[in-house]
Structures are given as C-alpha cells and as structure tokens.
Amino acid sequence: MRRSIIVGLVAATILCGFALVSRQITPTQAQTDSNTNKIKVITSFYPLYEFSKNIGGTRAEISVFTPFGVEPHDWEPTAGNLIALTKSNLFVYNGVGMEPFVNKLVDSQEYSHIMFVQASSQIKIDESSKADPHVWLDPVFAKSEVNVIKNAMQKADPANANYYENNTNNYLQKLDELDSKIKSELSNCKKDKIVTFHNAFAYFGKRYGIKINSLSGIAPESEITANDLKNLINYIKTEQIKVIFAEELIDPKLAEVLAEETGTKILTLSPLEGISKSEQAKNTSYFDKMQENLASLKEALECT
Ligand SMILES: [Zn+2]
C-alpha cells in the first residue's frame, strides 16, 4: 500500500516535470516604443522587472525576458529576445545560477555595448554547496539588488541620476516597512517549520527564523526520489505539519497527492518567480505578493 503511493508520487513528479518543460512560451513583454530617448533596460524575470520599473519610473523603458506565468529556472531566451537585447542599454539579471544563459552573452562581442548588471553582486552568498539564487525573497537582500540596479541606471543615464535616486529611496523605505511588518507578524507563532514545493525560501527562512523542508531542490524540476518523499511524509507526520505549500507556476498534482497522504491542507507560497496574466493585468506588485505569502505563513505557523 505505502509502496504504491510512493510509486504514484514519483510518477506524478515525472508528469509534473514534463508539464514544466512543455509549457508554452509566449513572446516577451518587451516594449517596442523606440522613438524616445529613454534608456532601455531588459530584465531577466519578474522581481528584477518589478525593481527596475520602480527605479526607472517614467524615464526608463523596462521590459522582461521570461514571460509572466512561465517558470524562469533554466528558461532560455528566444531569437527575438536576443535581437531586442542588441537594442538595449542595460541587461539586469539576478545571477547565482538563475539565468545560466547570461555568461555566453556577457562573453559575446555582439553584446559588448550592453551593460550587464548582476543584481545580487553585493550580497554575500554561501557558495559552499549548490548556491541558492532566491535572494529577492528576503526584503533585506532585495534592498541590495535595488541599489545595484539604481547605480547601473545612474551610470547609464546620469542626466536622470537624481530622479532614480529619489525613486529608489521611496522603494527602499517600503522594503524596510515590509521587513518590519514580517518580523512583527511572525513574532508570536506556535510553529517554526514549513514544507514548501521547491527550496526557494532558505534566505527568507533564515531572516525570519523559519525552518524549511522542501519537496525538491533549488530548482523546481530537480529530481525527487521515492526516498525523499518517504522522508518528507515522515517529517510532516512527526512535526504535525498541518499546511503544505504549493506554488503558482508549478503543477499542484504532487502537492495534492502529498496532502491527501498526510491529511494536510494546501496553501500557496509564491517564490515570486513570475506572476499570472491576471495578476499582471491588476498591476500586482512585489509587496502584494509578499503580503499574500505573509498571510499564508501566519496560518501555517499558527501565529497570533
Ligand atoms: Zn526557484
């Protein structure tokens, strides 16, 4: 009985991985307005787009490579993306292995006129094991990324340096407020452990004292063995975990099977790697998503 459940879970994992690679990739949201003197900034995926947009305001043209609604881990740019890149001034990316395609571009003569900006460059990252790229989920690290992007924009467009500075100061203040809010709202909780889909929340967990156990590794498509699942099921039961977290860009099938097996409830915890088309239409911000995550965490950790 137990064996057949595990085999079923592994089969679901394989299906889930397949769903990931076969998901249709739609064209980039690149803006095509080329009749302005605004600097053109291309970002790799959602949080970098969001940060850059808030710094650049109305004076920089910001677009994003990975279409919203598509999982960015191991995403590859299209030929159209690369043509757009040759016409841009800055390329803003996270780094730490999140965009493996970037190294080739940095080394290429074709893009030698582009300023490549690694937003995570000022964050001290433990590279001892497989490095974890998910720095944007920690508001304090997000501030560091925002500062790096701001410095690059000021360098590329010194005429608007003060404008970028003011926008950045406003945004950093909001990140400070978010950090304080998370600290205070997670200060009185019965539990300190959560189970997530992929291992995206290590920095967040370290910042706010939450222990995280994940179904898969740093990237959502990492291989999950039957033994991993068995261990996780035991962990959920031993620790009396009542909520497991799924995420919006991943097929929830595996989480559903796991929830059924362990009698847990499924909530969403967004790694903010992308937002849905409907969220995009509503102008859903980084802060909106972090608030939603905070509400889910408070329920899982039984905070008062
Ligand atoms: Zn991730």
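Visitor: In which sense do strand 1 and strand 2 pair, and over how many bridges?

Guide: Please note that this is a predicted model. Strand 1 pairs with strand 2 (residues 60-64) in the parallel sense, over 5 bridges. Within this pairing, isoleucine 39 stands opposite alanine 60 of strand 2.

Visitor: Over how many bridges does strand 1 pair with strand 3?

Guide: Strand 1 and strand 3 (residues 90-93) are joined by 3 bridges, in the parallel sense. Here valine 41 is the residue that stands opposite leucine 90 of strand 3.

Visitor: Which residues of strand 1 lie on each side, and are they buried or exposed?

Guide: The general idea is that side chains in a regular strand alternate between the two faces of the sheet. In strand 1, one side carries Ile39, Val41 and Thr43, while Lys40 and Ile42 are on the other.

Visitor: Why is strand 1 described as largely enclosed by the rest of the structure?

Guide: Because 5 of the 5 residues of strand 1 (residues 39-43) are buried, the strand counts as largely enclosed. For the chain as a whole, 38% of the 304 residues count as buried.

Visitor: How many helices and strands does the chain have?

Guide: The chain has 11 helices and 8 strands.

Key:
Residues are numbered from 1 along each chain as its sequence is written. This is a predicted model: local features need pLDDT of at least 70, side-chain atom pairs count only at pLDDT 80 or more; totals for chains, interfaces and linings use all residues. A residue is buried if 20 or more other C-beta atoms lie within 10 Å of its own, exposed if 12 or fewer, and partly exposed in between; C-beta atoms are placed from the backbone. Helices (H or I, at least four residues) and strands (E, at least two) are DSSP runs, numbered from the N terminus. Two strands pair if DSSP finds at least two bridges between them.
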